[in-house]
Amino acid sequence: MTKLDDLPVEVLEQILLLLDPVDVAQFSQTCSRYFALLYSDPGDQRLWRELYLQQPFDDLRQCFTPLGRPLQRIDWKTHLQRIIRARTILTNVSACRPEERCTVLQTLVDLVSNIPPVRHTEVIDISMNHVWATAMLRGSTLLEHDEWELSAEERQLRARLHTYFGLTARDFQHEHRTASRAFVYAMRNYKYDNDFGPFMMDGSGRVNWVHIRAIHHVMSMHIVPTTEETENAEFNLFPMSMPWTQSIIPGDMELDQEQDWAGVTGRWQCSFCFVDHRELLIYNNFNSSDTEPLHTEIFDDPDFIEVFRSIYVDLRVMGTEEDPDHPGRPRINFGGSLDGHAIFVGYVKVTPDDQIRWHFTSGEQGNAIWSSEGVQIGNVRSKYGVLGSWTTVLHDRHDPVGPFWLWKVGEVAGDDLPV
């Protein structure tokens with residue numbers, strides 16, 4: 001009878017490719033020969049590459065970073081090991097050790113943000129990473145697990161993952177919606193330290209994903225109605241959920257040579273929310289202190305009204321400025337109009353943490369009134385669009401604040417847009 005040890009290496013490798021990666025790892029522990037087969041040569045990634053490609057993930061050789069560049073120096077073994085460990089945690093959150101939480105969350109963020117771009121808009125080309133991650137997250141408690149004492153970095157990573165994913169069942173609960181509104185409408189969260197936007201208060205310009213997540217929640221609840229069907233759905237598919245984070249980069253486009261690398265030119269829908277200014281001031285204690293408790297019960301009042309409105313604007317690129325910190329991704333200066341009247345002036349640039357930041361002012365009759373700061377969610381040119389916050393250009397202590405969502409609804413040739 002032929003023993004396993006008698007099989008040629010080529011046959012043994014083919015058998016391993018039929019196994020789950022966890023079983024492969026256990027197999028390698030049975031004897032030194034099998035361990036050497038998998039781990040003796042760190043530079044030989046062939047077997048690990050084939051094992052990775054047997055899994056329901058995107059081919060890493062076809063994946064792009066959030067800024068639209070191919071992945072470099074792919075370590076197939078490390079990628080697979082981290083994802084499989086994350087899979088274990090997703091199915092059993094209590095198995096996660098405190099010292100590995102950050103790695104697991106970063107692995108999942110990397111998995112959903114390093115994906116192939118859509119090359120043809122008329123063809124549905126869904127990322128396999130997105131399919132897998134969505135299925136795993138909707139069956140896991142990871143995004144809502146409240147027994148962990150998360151570090152600041154872990155909170156940021158989980159909030160980013162939650163924003164990409166979309167709405168969970170708990171997001172439909174009134175108390176959680178109130179918590180998000182309380183954050184978004186707290187005037188103390190808008191200062192010169194964070195440019196009055198969803199950025200860190202340290203002046204670094206890095207994105208505050210906890211803030212973005214709260215904005216996402218507030219805006220989403222106006223898009224997805226609270227019904228028995230949506231509350232009980234395994235996954236609510238809407239334009240602020242996972243599939244919309246995928247880049248749309250036509251096959252003949254080279255982003256490093258493209259002036260409008262962020263896809264600014266076109267028609268956009270700008271949706272925004274606001275509350276009665278008097279109620280806003282009362283909730284914030286007239287913004288007289290950053291430490292006094294806020295009166296969140298105002299959001300529980302049956303008579304509380306949060307207004308949701310939308311306008312359509314046409315944007316066009318006015319010019320670019322080289323960014324030495326991000327070659328190939330220059331700052332894009334743009335203008336916008338509503339019904340032929342110029343009302344938008346702004347720019348798009350890459351942040352120090354490699355996110356895509358949008359800033360614009362808007363107003364009437366050539367006068368800037370409102371100032372908005374936002375972040376492109378997902379990958380460059382994604383259909384998800386931009387989430388952010390607005391206030392006035394004066395930034396006075398009692399000025400109103402609120403959230404907005406800007407997303408592209410149509411491609412329009414730049415020459416056809418009014419100046």
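**Loops, barrel and helix packing in the predicted model**

N287 sits in the loop between α12 (277-283) and β2. The model is a predicted one, and in it this residue takes a positive phi of about 55° even though it is not a glycine. N287 is also buried, since its relative accessible area of 15% falls under the 20% cut-off. R73 makes a handy counterpart. This residue is found in the loop between α4 (46-53) and α5 (76-91), and its phi is near 50°, again a positive value in a residue other than glycine. R73, however, counts as exposed, because its relative accessibility is 79% and the threshold is over 50%. A further positive phi turns up in a strand turn, at D339, with a value of about 55°.

Eight strands make up a closed barrel in the order β1-β2-β3-β4-β5-β6-β7-β8, and the pairing is antiparallel. On average, neighbouring strands of this sheet are turned by 30° against each other, with direction ignored. Helix α10 (residues 209-223) packs on the sheet and touches β1 (266-275), β2 (306-321), β6 (367-376), β7 and β8. The direction of α10 makes about 65° with that of β8. As a general point, strands of a sheet pair through backbone hydrogen bonds, in either a parallel or an antiparallel sense.

Strand β3 (residues 331-338) has six of its eight residues buried, so the rest of the structure largely encloses it. On to the next pair: β3 and strand β4 (residues 341-350) run antiparallel and are linked by seven bridges. Here S337 has A342 of β4 as its bridge partner. The two strands form a hairpin with two residues between them, and the turn is where D339 has its positive phi.

Strand β7 (residues 386-392) pairs with strand β8 (residues 402-410) in the antiparallel sense over five bridges. Within that pairing, V386 stands opposite L406 in β8, while the bridge partner of L387 is W405. On its other pairing, β8 meets β1 in the antiparallel sense over six bridges. W405 turns up here as well, as the bridge partner of S271. Seven of the nine residues of β8 are buried, so this strand is largely enclosed by the rest of the structure.

Now for the helices. Helix α8 (residues 152-165) packs with α10 at an angle of about 30°, and their axes are 8 Å apart. The crossing of α8 past α10 is left-handed. On the α8 side the contact is made by R155, Q156, A159, R160, H162, T163 and Y164, and on the α10 side by W209, V210, I212, R213 and H216. Sorted by class, this α8-α10 contact has five nonpolar, four polar and three charged residues.

Another helix pair comes from α6 (residues 101-113) and α7 (residues 128-138), which pack at an angle of about 140° with axes 8 Å apart. Roughly antiparallel would need an angle over 145 degrees, so α6 counts as oblique to α7. L108, L111 and V112 of α6 make the contact with N129, H130, W132 and A133 of α7. By class, the α6-α7 contact has five nonpolar, two polar and no charged residues.

Helix α9 (residues 174-184) ties several of these pieces together. Its R177, T178, S180, R181, A182 and V184 are buried. The buried residues of α9 pack against α10, α12, β2 and β8. Among these partners, α10 is the helix that packs on the sheet, and α12 and β2 are the elements on either side of the loop holding N287.

Technical notes
Residues are numbered from 1 along each chain as its sequence is written. This is a predicted model: local features need pLDDT of at least 70, side-chain atom pairs count only at pLDDT 80 or more; totals for chains, interfaces and linings use all residues. Side-chain values use heavy atoms; hydrogens and water are left out. Two strands pair if DSSP finds at least two bridges between them. Helices (H or I, at least four residues) and strands (E, at least two) are DSSP runs, numbered from the N terminus. Axes are lines fitted to C-alpha atoms, for helices over the stretch in contact, and angles run from 0 to 180 degrees between N-to-C directions. Contact means heavy atoms within 4.5 Å. A crossing is left-handed if the near helix is turned anticlockwise from the far one by less than a right angle, and right-handed if clockwise. Ala, Val, Leu, Ile, Met, Phe, Trp, Tyr, Cys and Pro count as nonpolar, Asp, Glu, Lys and Arg as charged, and the others, Gly among them, as polar. Buried means under 20% relative accessible area, exposed over 50%, partly exposed in between (1.4 Å probe, protein chains only). Angles under 35 degrees count as roughly parallel, over 145 as roughly antiparallel, 65 to 115 as roughly perpendicular and the rest as oblique.
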